[in-house]
Amino acid sequence: EFKNIFFNSIQLDLLDANYIYPGMVYSFYKNTASDVIYNFPSEITLKGLRRYAERVFVKTNQSATINHQIIHKKNILKDICKCYIDIEYNKKQSSMSELKDFLRNNCFLDELEINREIEALKNEYFGHLSQAYIGFNSIIDLEKEYFRYEDSYLEFYNKLLKYGIVDLENLQLLLEDD
């Protein structure tokens with residue numbers, strides 16, 4: 001059965017932040033120092049930046065509400081759950097029914113979302129579902145270091161994109177050199 005999916009204005013705000021800020025618009029229009037970085041951005045960093053863009057929106061946009069914060073936290077929880085099932089399926093060979101039960105009982109997902117995550121799990125390589133959480137968590141670690149000296153989300157976010165969407169190790173080195 002096909003279900004229409006409708007987004008409310010809060011979800012659309014966060015989807016805009018997630019997909020537009022560091023996503024396709026950056027890939028098509030940003031002039032970077034390196035054609036390699038421009039054409040082949042680090043997938044883990046890109047996915048982490050996409051989730052981090054939601055955080056920047058929530059922290060800096062005056063129209064952001066508590067509802068934005070709740071949905072952003074749910075998105076992070078969903079990323080953690082995807083990381084968990086990725087490991088459980090590929091390393092521990094947990095059954096699909098066990099993984100569905102985990103998603104249903106712990107991740108605040110409806111059946112359509114659960115089925116979508118299970119299909120992605122079956123059709124992707126190990127680590128694919130973990131990328132967003134790994135990237136976001138790594139950027140949060142960088143943020144903690146940066147915020148010891150500065151306290152500006154937008155300035156920090158712009159520094160993250162200054163050299164393109166590079167791998168996390170190089171991103172850390174570039175931030176230290178700035």
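## The second largest pocket

A pocket is an open set of grid points where a 1.4 Å probe fits, with protein on both sides within 12 Å along at least five of seven lines. The model described here is predicted. Its second largest pocket holds about 180 Å³ of space.

The lining of this second largest pocket is formed by Leu142, Glu145, Tyr146, Tyr149, Glu150, Gln172, Leu175 and Glu176. Two or more lining residues come from each of the helices α8 (131-146) and α10 (168-177).

## Helix α9

Helix α9 spans residues 153-161, and Tyr153, Phe156, Tyr157, Leu160 and Leu161 are buried in it. Viewed down the axis of α9, the buried residues fall within an arc of 135 degrees, so they line one face of the helix. An α-helix has 3.6 residues a turn, so residues three or four places apart point the same way.

## Aromatic rings

A pair of aromatic rings is described by the distance of the centres and the angle of the planes. The structure contains eight aromatic pairs. In the pair of Phe147 and Phe156, the ring centres are 6.0 Å apart and the planes lie at 85 degrees; the pair is therefore edge-to-face, a class that requires an angle over 60 degrees. Phe147 and Phe156 are both buried.

Ring pairs also join Tyr52, Phe136, Tyr146, Phe147, Tyr153, Phe156 and Tyr157 into a cluster. Of these residues, Tyr146 also belongs to the lining of the second largest pocket, while Tyr153, Phe156 and Tyr157 are among the buried residues of α9.

Key: Residues are numbered from 1 along each chain as its sequence is written. This is a predicted model: local features need pLDDT of at least 70, side-chain atom pairs count only at pLDDT 80 or more; totals for chains, interfaces and linings use all residues. Side-chain values use heavy atoms; hydrogens and water are left out. Rings of Phe, Tyr and Trp (its six-membered ring) pair if their centres lie within 6.5 Å; planes under 30 degrees apart count as stacked, over 60 as edge-to-face and the rest as tilted. Buried means under 20% relative accessible area, exposed over 50%, partly exposed in between (1.4 Å probe, protein chains only). Helices (H or I, at least four residues) and strands (E, at least two) are DSSP runs, numbered from the N terminus. The arc is that of the directions from the helix axis to the C-beta atoms. On a 1 Å grid over the protein atoms alone, a cavity is a set of points where a 1.4 Å probe fits but cannot get out, and a pocket is an open set with protein on both sides within 12 Å along at least five of seven lines; lining residues have an atom within 4 Å of a point. Grid points are joined across faces, edges and corners, and a volume is the space filled by probe spheres set on the points.
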